[in-house]
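This report describes the overall build of a protein model and then turns to its aromatic rings. Please consult the sequence and structure shown below.

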Amino acid sequence: MANRLALETSPYLLQHAHNPVDWFPWGEEAFAKAKAEDKPIFLSVGYATCHWCHVMERESFEDPETAQLLNEFFVPVKVDREELPDVDHVYMMALQALTGSGGWPMSLFLTPDLKPFYGGTYFPPEDRHGLPSFARVLKTIASTWQNRREEVLGSADELTQHLHKLLVPRGGPLPQDLHAQALKQLARAHDATYGGFGGAPKFPQTPILTYLLALAWKGDPLAWGMLELTLDKMAEGGIYDQVGGGFHRYAVDGIWRVPHFEKMLYDNAQLAWVYLGMSRLTGKTLYRRVTLETLDYLLREMQHPEGGFYSAQDADSEGVEGKFYVWSEQEVRAVLGSDAEAALKLFGVSQAGNWEGVNVLEARYPEPALRQELGLDEATFARWLEEVKAKLYQARRQRIPPLTDDKILADWNGLALRAFAAAGRILGKEAYLEAARKNAEFVTSRMMRDGLLRHSWRGGKLRPEAYLSDQASYGLGLLETYQATGEMRWLEAARTLAEGILTHFRDPNGGFFDASGGGLPLRAKDVFDGPYPGGNSAAAELLIRLAALYEREDWAEAARGAIEFHAQGLAHSPSAFPGLLLAHLLDTEGTELALPTPSGLAQEVQSQFLPLTTLAIGQPGDLPALRGREAGKAYLCRRGVCRLPVDGLEALGEEFRAIYPEARV
């Protein structure tokens with residue numbers, strides 16, 4: 001028999017719709033029941049492609065005895081963290097304060113007025129590995145709630161006060177050598193053999209790579225070296241889907257070999273952007289190939305017919321993690337025939353396998369050596385490799401695929417929009433520009449209400465929540481679409497979102513709140529950048545870029561307020577704030593480039609990768625940044641002070657080098 005979650009749109013909630021647990025979605029019905037029956041809330045937060053969420057569901061939430069405990073002593077509430085990121089953010093802060101760590105599934109116990117007092121992540125069905133069984137936890141919490149109520153309420157109040165303190169402004173002067181300090185800190189954590197930062201499990205940490213890309217473009221050798229090694233090793237490793245394109249979420253080891261096989265839209269959109277930039281700066285075939293394969297994967301497997309992009313693909317297939325992606329030697333031989341020997345060598349496939357008796361495909365064998373062994377020139381080898389991958393992909397399609405979480409999230413779609421628009425203009429790929437336009441049409445028409453983008457859409461149903469990250473990340477995507485096409489409507493849409501940020505999310509004490517309102521114990525503000533830039537980072541970048549185009553110094557000041565809010569954190573742990581570091585770099589060293597049309601020069605400039613420059617393209621009356629400019633010329637400016645106009649790409653390169661002496665232009 002189905003529970004209330006059967007009426008929801010979230011694939012994650014729908015996965016639990018037939019549990020014997022009497023689940024409630026997050027909302028007033030659950031809160032009213034908790035108050036009326038004087039019961040604590042059990043809050044379970046996860047997402048549709050979370051492996052350990054699936055495990056806990058099978059072991060505990062499908063178990064009748066566990067369900068009886070939950071139903072009798074608690075009000076069980078299930079939340080999709082991707083659908084309600086503000087709920088996830090607040091309670092993840094609480095969990096980290098309680099336990100020193102976090103993760104999903106997140107299991108928290110709340111008072112009826114939503115204050116947290118105890119929590120953990122995954123709880124097993126019986127005591128093991130130092131973890132108490134979930135049933136034992138439930139019985140203990142129920143007893144404590146009945147017999148030691150004042151102690152519980154006191155702990156809940158104390159924790160909530162602590163969370164409020166975390167949101168107090170941490171201003172102060174930013175060090176003059178902020179970016180040098182950040183690079184040194186990143187270098188200490190950098191793996192000089194396999195790239196990336198830290199050890200196993202190893203995540204791409206793409207906001208860091210994006211920040212390094214801007215510094216590498218400026219000519220910083222340390223940033224360049226860390227970035228290039230990381231991109232090389234990731235592209236060679238199993239974290240990259242060598243057959244179908246796109247990146248898995250992280251590697252369980254330190255060498256990028258065995259991934260956690262889940263695929264996220266946000267990772268692939270951002271990594272496509274980074275590889276795109278480095279392909280333009282280096283001319284490396286590998287980087288261009290990874291860019292194209294990743295974007296083509298998104299178009300092929302992650303795009304809604306109307307243009308939005310889905311959020312994720314699961315790690316599990318047929319209940320087994322990675323089953324869809326791994327190969328035996330015999331399977332590869334059967335699919336490839338005479339091409340098998342060379343492919344086995346290229347992808348590191350063996351009879352014994354490299355993971356649990358099977359093979360996660362890698363590409364560590366040097367391609368130039370294999371080309372020489374096969375007697376093929378570079379172009380012929382590229383065609384051979386494409387054919388090999390196509391055969392393997394078609395064979396893999398016969399398997400049962402992982403679940404695709406087909407909800408469409410505005411902020412993650414903004415990351416994808418930015419990547420497709422940039423790739424379309426830099427690589428001259430009209431199909432990518434069309435994908436960008438299609439996405440922008442869908443999101444702005446189907447997900448915008450009353451001047452704000454709503455966060456989540458699925459199956460024709462739009463949820464009401466609107467978040468800072470939606471306005472900011474999608475605004476940056478719209479800005480990139482304008483820069484790629486010169487179409488003013490996308491810039492005006494980005495401006496509308498920026499104005500919504502300032503109206504609905506701005507904190508008078510500095511920075512921006514995650515959400516425009518709500519009934520949570522506190523109004524949260526992102527503290528760090530995670531696997532994608534936090535809302536404050538993205539908002540700061542958007543406002544700084546638009547301030548240059550519209551000559552709105554008040555917008556730039558609002559962005560600086562977000563940077564200064566985190567001044568102490570930036571000074572002491574700069575690598576935890578790569579998105580804010582990038583916004584600060586853009587504010588202090590960024591430029592704007594006015595390209596009045598009609599102009600043959602504009603198209604040449606659009607093919608360049610200029611991460612610290614915002615383009616103004618259009619007729620002189622379209623924008624303040626274009627006012628009084630002569631068509632056909634280029635005007636490179638910083639904070640409204642412009643260098644002499646030029647009419648050729650070579651001369652423009654000289655103007656760039658006058659501002660950025662070591663830049664890769």
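## Burial and surface

Of the 665 residues in the protein, 59% are buried (under 20% relative accessible area with a 1.4 Å probe, counting protein chains only). The protein exposes about 25100 Å², of which carbon and sulfur atoms supply 51%.

This is a predicted model, in which local features need pLDDT of at least 70, side-chain atom pairs count only at pLDDT 80 or more, and totals for chains, interfaces and linings use all residues. Residues are numbered from 1 along each chain as its sequence is written, and side-chain values use heavy atoms, with hydrogens and water left out.

## Overall form

The C-alpha atoms of the protein fill a box of roughly 80 × 65 × 45 Å along the principal axes. Among contacts (heavy atoms within 4.5 Å) with a separation of 6 or more, 68% join residues 24 or more positions apart.

## Aromatic pairs

The structure holds 34 aromatic pairs; rings of Phe, Tyr and Trp (its six-membered ring) pair if their centres lie within 6.5 Å, and planes under 30 degrees apart count as stacked, over 60 as edge-to-face and the rest as tilted. The pair of Phe42 and Phe61 is tilted, because the ring centres are 6.3 Å apart and the planes stand at 55 degrees. Both Phe42 and Phe61 are buried.

The rings of Phe261 and Tyr325 have centres 5.8 Å apart and planes at 10 degrees, so this pair is stacked. Phe261 is buried at 1% relative accessibility, and Tyr325 is buried with a relative accessible area of 6%.

Note on methods
Buried < 20%, exposed > 50% of the residue type's maximum accessible area, 1.4 Å probe, protein only. Areas by Shrake-Rupley, 256 points an atom, 1.4 Å probe, with all protein chains shown as cover.
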